[in-house]
Amino acid sequence: MNLSATLILAFGMSMDAFAASIGKGASLHQPRFREALRTGLIFGVVEAITPIIGWGIGLFASQYIMEWDHWVAFSLLFILGMRMIVEGVRNRPEEEEKVKRHGFWLLVATAIATSLDAMAIGVGLAFLQVNIVHTAMAIGMATMILATLGMMIGRFIGPLLGKRAEILGGVVLIAIGVNILLEHLGYLA
């Protein structure tokens, strides 16, 4: 793969993380750049590791993982999205402040859910003459940049939406999951 194809692949793989990070940023109280960068790093590292795992799996048993990856991604994103929707709908006392930071494991779970497509791409890359380390690093860097940017965009969207920001973030995660499921089932081309 040449450089331009690698960059297109990297940024294409990062779009789910970008959308999810906008929702994450909108659900926080004025996230600072440091928190956005932390989120970007978590998403980027996970997104860089998953194609390598997929590549390794592709060398051994590609048909087994590709049969189920879309169901796993859909389930994780649906559960995380519903959790955000329930938190957004739940009546909170007026004086209760929005969270200033997402937990590490919540971000890792979201990152894994949005990066399962990168694992599937890694499976496919196992059959090509590709330097998987360089490709994975490009995917990780693109994801880090877009997830950080998404959090900062979410920072400005959040105050405009108020309590609905967390509900919208949950809906976005569920929509990403449904899209992944429909693509893999052949309903979307």
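**Reading the labels**

Q: Why is leucine 182 called partly exposed?
A: Leucine 182 has a relative accessibility of 30%. Buried would need a value under 20% and exposed a value over 50%, so leucine 182, at 30%, counts as partly exposed. Please keep in mind that this is a predicted model.

Q: Where is leucine 182 found, and what does leucine 182 touch?
A: Leucine 182 lies in helix H6, which covers residues 164-185. Leaving out residues up to four places away in sequence, leucine 182 touches Tyr187 and Leu188. Histidine 70 is 112 residues away from leucine 182 in sequence, yet their C-alpha atoms are 8.7 Å apart in space.

Q: What makes threonine 110 count as buried?
A: Its relative accessible area is 0%. The cut-off for buried is under 20%, and therefore threonine 110 is buried.

Q: Which residues is threonine 110 in contact with, apart from its neighbours within four places in sequence?
A: They are Ala20, Lys24, Phe43, Leu80 and Leu173. Threonine 110 itself has its place in helix H4, residues 104-125.

Q: How do you know that glutamate 35 and arginine 38 form a salt bridge?
A: Their closest N and O atoms are 2.9 Å apart. A salt bridge asks for a side-chain nitrogen of Lys or Arg within 4 Å of a carboxyl oxygen of Asp or Glu, and the pair of glutamate 35 and arginine 38 meets that with 2.9 Å. The structure holds one salt bridge.

Q: Why are glutamate 35 and arginine 38 separated by about one helical turn?
A: Both sit in helix H3 (residues 33-89), and they are three residues apart, which means a separation of about one helical turn. As for accessibility, glutamate 35 and arginine 38 are buried.

Q: Which residues make the contact of H1 with H5?
A: From H1 come Thr6, Leu9, Ala10, Phe11 and Met13, and from H5 come Thr135, Ala138, Ile139, Ala142 and Leu146. By class, this contact of H1 with H5 has eight nonpolar, two polar and no charged residues.

Q: Which residues of H2 and H4 meet?
A: Asp16, Ala17, Ala20 and Lys24 of H2 meet Leu106, Leu107, Thr110, Thr114 and Asp117 of H4. The contact of H2 with H4 divides into four nonpolar, two polar and three charged residues.

Q: How many helices and strands does the chain have?
A: The chain has six helices and zero strands. Of its 189 residues, 48% are buried.

Methods: Residues are numbered from 1 along each chain as its sequence is written. This is a predicted model: local features need pLDDT of at least 70, side-chain atom pairs count only at pLDDT 80 or more; totals for chains, interfaces and linings use all residues. Side-chain values use heavy atoms; hydrogens and water are left out. Helices (H or I, at least four residues) and strands (E, at least two) are DSSP runs, numbered from the N terminus. Buried means under 20% relative accessible area, exposed over 50%, partly exposed in between (1.4 Å probe, protein chains only). Contact means heavy atoms within 4.5 Å. Ala, Val, Leu, Ile, Met, Phe, Trp, Tyr, Cys and Pro count as nonpolar, Asp, Glu, Lys and Arg as charged, and the others, Gly among them, as polar.
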